[in-house]
Amino acid sequence: MSQPLQVNGGEGPSGGVLIVDFGAQYCQLIARRVRELGVYSRITVPERAMFTFAAMRPKAVILSGGPRSVYEHDAPKLDGAILQQGVPVLGICYGLQWMAQNLGGQVTPAQSGAEYGRTALEVIEPQGFLQGVQKNGIVWMSHGDKVSKLPPHFQVLAKSEPCPFAVVADPSRFFYGLQFHPEVAHTQDGQLMLANFVRNIAKCTADWDPGQIVERKIQAVKDLVTPTGEVVLGLSGGVDSSVAAVIIHRAIGNRLHCVFVDNGLLRKDERMGVEALFRDEYHMDLKVVDASERFLSQLKGVVDPEQKRKIIGKIFVDVFKSEASGIKNAKFLGQGTLYPDVIESVSAHGGATSTIKSHHNVGGLPKDLDMTLVEPLRDLFKDEVRAIGRQMGLPPALIDRQPFPGPGLSVRCLGEITQEKLFALRAADAIVREETEKGGHHHRLWQYFAVYVPQKTVGVKGDARVYEDVCMLRFVSSVDAMTADWEMLPIETMRRISSRILNEVKGFARVGLDISSKPPATIEWE
């Protein structure tokens, strides 16, 4: 059975912050915020918390939020010994409630039901944990229960109208709790609160720099791959697989065999660009497999997005198995899996997080696949991967390239996938990219693309009435894809994009703009 590479050389660096995942959908966001402070963070599930604590020896613990109620019989179980380790502990939402209950407080359902959204916060003690936080700010609430009785020795640091115990603490034992979420962008001064806890209270050293861990990751690959072992890697040409390929190539040289699969779902000129860079410039062993007919034939008639992803994932695995069978000693499968890929596909580290969607590179690997996974980026966020890429000297055009989903245009082509729809979508997407990049607007965007919506609408082209589909435009800004805001380009650029699509691309009678943020929407449409 495949085994993932522990990219930090085992258990990762000692010290830092251990985050216990109670099933919070954005537990990874807490980890990301801590890393933004230059401090290493690692996530574990409640059942393994004490084991991981002993291995990691963190300087602080953060207990995440979660969807359950602490008084339910099947609520996540955490050993109360975590509170007896002599390190500062911060409980967020459910984490606060668990801590309060275990220390002698009381947790009950919120009187007004679920409290969700922006809430005014009144700071009572503007010192220590709340040092520098504005006295009357806005925080983001998302909870159905609340602490109705504080444990002994706890004091109130801040309150809100619906929540009298919004920020509480027992400074003598370095216990702190928040009933809101400091990790989300909606909370003003949320990062400052985390900085006060991590840097000032826990005294964590700011020594986490992803750009300086290249050699450790290269060595980790050397340690995993046997001296005669060969690695097969699915190279998409995106940032993740490209950085992973360069790391593995530096570790084992020509024992890396890259496979680029043309699945018929690529953007314009995608295949040509990958061949030019990796085969001609980086001199990697690259094989291009044209499997477009195979993919499209098996996707014929399929409209369910999750089924599309599973079909695409299975074919990818089959292609890799087929290619690997022709390579002697190919017992390793390289992938560019990232931390966000893991949380959105399976519960983070086995936790209770709800599945959003599957990714072709982290799900669907059969148990009989006799290959060990080599995933040097599995514990990193996208911007951290870019930092590593820059450190290794990869070209800016590649490092700053917008993310492109593994299933390709299939998740941007709603309904059944056909050659005609793909042709129109590919052309529209090329226009969106060309006009966005020509104006330099891409530098402030995370992604920018077109979506094919098979909804017939009436239009007029020339003097004739047409009945064609809708092209939606999607522009989003983000840091790590965990949350995202919709964006809009200057009116003249938008007008030019719309005009070109309607005049140059057959199949669309209307162009629209997606103005949905994540959450509640996702970045991709499927």
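The legends below describe close-up views of one predicted model. Residues are numbered from 1 along each chain as its sequence is written, and side-chain values use heavy atoms, with hydrogens and water left out. Because the model is predicted, local features need pLDDT of at least 70 and side-chain atom pairs count only at pLDDT 80 or more, while totals for chains, interfaces and linings use all residues.

**Figure 1. Overall fold of the protein.** The protein contains 14 helices and 20 strands (DSSP runs numbered from the N terminus: helices are H or I with at least four residues, strands are E with at least two). Its C-alpha atoms fill a box of roughly 75 × 65 × 40 Å along the principal axes. Of the 526 residues, 57% count as buried (buried is under 20% relative accessible area, exposed over 50%, partly exposed in between, with a 1.4 Å probe and protein chains only). Among contacts with a separation of 6 or more, 75% are between residues 24 or more positions apart (a contact means heavy atoms within 4.5 Å).

Figure 2. Side chains of opposite charge can pair when their charged atoms come close. A search of the whole structure finds 32 salt bridges (a side-chain nitrogen of Lys or Arg within 4 Å of a carboxyl oxygen of Asp or Glu). In the pair of Arg35 and Glu384, the closest N and O atoms are 3.0 Å apart. Arg35 belongs to helix α1 (residues 27-36) and Glu384 to helix α11 (residues 382-391), so the pair ties together parts that are 349 residues apart in sequence. Arg35 is buried, at 4% relative accessible area, and Glu384 is buried at 3%.

Figure 3. Arg271 pairs with Asp262, with 3.0 Å between the closest N and O atoms. Arg271 is partly exposed at 29% relative accessible area, whereas Asp262 counts as buried at 12%. Lys310 pairs with Glu306, and here the closest N and O atoms are 3.8 Å apart. Lys310 and Glu306 are four residues apart in helix α9 (residues 305-324), and are therefore separated by about one helical turn. Lys310 counts as exposed at 52% relative accessibility; Glu306 is partly exposed at 26%.

**Figure 4. A salt-bridge network.** Salt bridges link Glu434, Glu435, Lys438, Arg496, Arg500 and Glu504 in a network.

**Figure 5. Buried face of helix α2.** Helix α2 (residues 49-56) has Ala49, Thr52, Phe53 and Met56 as buried residues. Seen down the axis of α2, these residues fall within an arc of 105 degrees, so they line one face of the helix (the arc is that of the directions from the helix axis to the C-beta atoms). The cover over them includes β1 (17-20), β2 (41-44) and β3 (60-63). Arg57 follows α2 and has a positive phi, near 50 degrees.

**Figure 6. Surroundings of Phe320.** Phe320 is a residue of helix α9 and is buried, with a relative accessible area of 9%. Not counting residues up to four places away in sequence, Phe320 touches Val232, Leu233, Gly234, Val259 and Leu333. Leu333 is 13 residues from Phe320 in sequence, and their C-alpha atoms are 8.3 Å apart.

**Figure 7. Ser160 in a loop.** The loop between β9 (155-159) and β10 (167-170) holds Ser160. Ser160 is buried, at 8% relative accessible area. Its contacts, leaving aside neighbours within four places in sequence, are Thr119, Ala120, Met141 and Ala166.

**Figure 8. Nonpolar surface patch.** Trp486, Met488, Ile491 and Ile515 form a nonpolar patch on the surface, together having about 370 Å² of accessible area (patches are made of residues with over 30% relative accessible area and no salt bridge; like charges are joined within 9 Å, and nonpolar side chains, namely Val, Leu, Ile, Met, Phe, Trp and Tyr, within 5 Å). Trp486 lies in strand β19 (residues 485-486) and is partly exposed, at 33% relative accessible area.

Definitions and conventions. Accessible areas come from the Shrake-Rupley method with a 1.4 Å probe; for residues, only the protein chains shown count as cover.
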